[in-house]
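Here is a quick tour for anyone meeting this structure for the very first time. Have a look at the sequence and the model, then read on.

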Amino acid sequence: MIKQLIDEALVAHDFVSKLKLETTSFYVRESGSSIRFAVVHNLDELTTPADLNSQINHLAPDEFLRNPSFKKNCDLICIHRLNVLAEFKDQEEEIFAIEEDPHFYKKYVLYYSAAEESALTDFTYDKLVSVIADKNEFLNYKENPLEASQYSFAAKTFIKLPFLELPSHQGNLVSLRQQATEAVAEVGLSDTYSTIQQVTNANADEMIEEMIKNELANIQD
């Protein structure tokens, strides 16, 4: 189920499937003179980086192995199931050892729990995109970040995998200027903020002196 979601994500980002095995799928994306490879691998048991590299080298199709870009320009996405998310602490060092291994592929361990897997029944990549873009889902996740949910998996997936693009919703964006105005109003600093906006190179010293005088006057009051 999880592997299928990642397979769909790759296809949605213009990767083409070249070989699908029971535990491992191989993809390539070409754009002009650039080429990028991706491998999705079910990692049932954590192993050493050297053994993992050896497994993928053995399974890779010949056309990949013949390409000099394969091992240095390939994302190896390892999908690893935990019984519960708390198990991550016990496996953290082994996971980091895989991800930080500098040899051959760039490795990512996408771990998930049994509860997350249950929450993703009949899920698709399009639904995953909808979840990550849902503000209410985000707020629920923010309140309970350790709770297994569709959003907890979606967040990990979009953080881990560099080729995924977050959906943009321009209509929901609030300008930084408006956010700043509202923030200073909440703490009663609208006048100060208005003064700062009027500062230029020509009047900076004068404006700063005026602000200091006002602050001293407030202290004396």
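## Aromatic rings

One aromatic cluster is made up of Phe 26, Phe 37, Phe 64, Phe 70, Phe 104 and Tyr 105. Rings of Phe, Tyr and Trp (its six-membered ring) pair if their centres lie within 6.5 Å; planes under 30 degrees apart count as stacked, over 60 as edge-to-face and the rest as tilted. By that rule there are 12 aromatic pairs.

Take Phe 37 and Phe 64: their ring centres sit 4.9 Å apart with the planes at 65 degrees, so this pair is edge-to-face. It ties together distant parts of the chain, with Phe 37 in strand 3 and Phe 64 in helix 3 (residues 62-65), 27 residues apart. Both Phe 37 and Phe 64 are buried; buried means under 20% relative accessible area, exposed over 50%, and partly exposed in between (1.4 Å probe, protein chains only). Then there's Tyr 141 with Tyr 151, a tilted pair at 5.1 Å centre to centre and 40 degrees between the planes. This one also links distant parts of the chain: Tyr 141 belongs to helix 7 (residues 135-143) and Tyr 151 to helix 8 (residues 150-160), 10 residues apart. Tyr 141 counts as partly exposed because its relative accessibility is 25%, while Tyr 151, at 7%, counts as buried.

## About the model

This is a predicted model, where local features need pLDDT of at least 70, side-chain atom pairs count only at pLDDT 80 or more, and totals for chains, interfaces and linings use all residues. Residues are numbered from 1 along each chain as its sequence is written, and side-chain values use heavy atoms, with hydrogens and water left out.

Five strands form an open sheet in the order 1-2-3-4-5, with mixed pairing. Its edge strands are strand 1 (16-20) and strand 5 (106-113), each pairing on one side only. From one strand to the next, the twist averages 20 degrees. Helices (H or I, at least four residues) and strands (E, at least two) are DSSP runs, numbered from the N terminus, and two strands pair if DSSP finds at least two bridges between them.

Strand 2 (residues 24-31) pairs with strand 3 (residues 34-42) in the antiparallel sense, over eight bridges. Arg 29 stands opposite Arg 36 in strand 3.

Conventions: Axes are lines fitted to C-alpha atoms, for helices over the stretch in contact, and angles run from 0 to 180 degrees between N-to-C directions.
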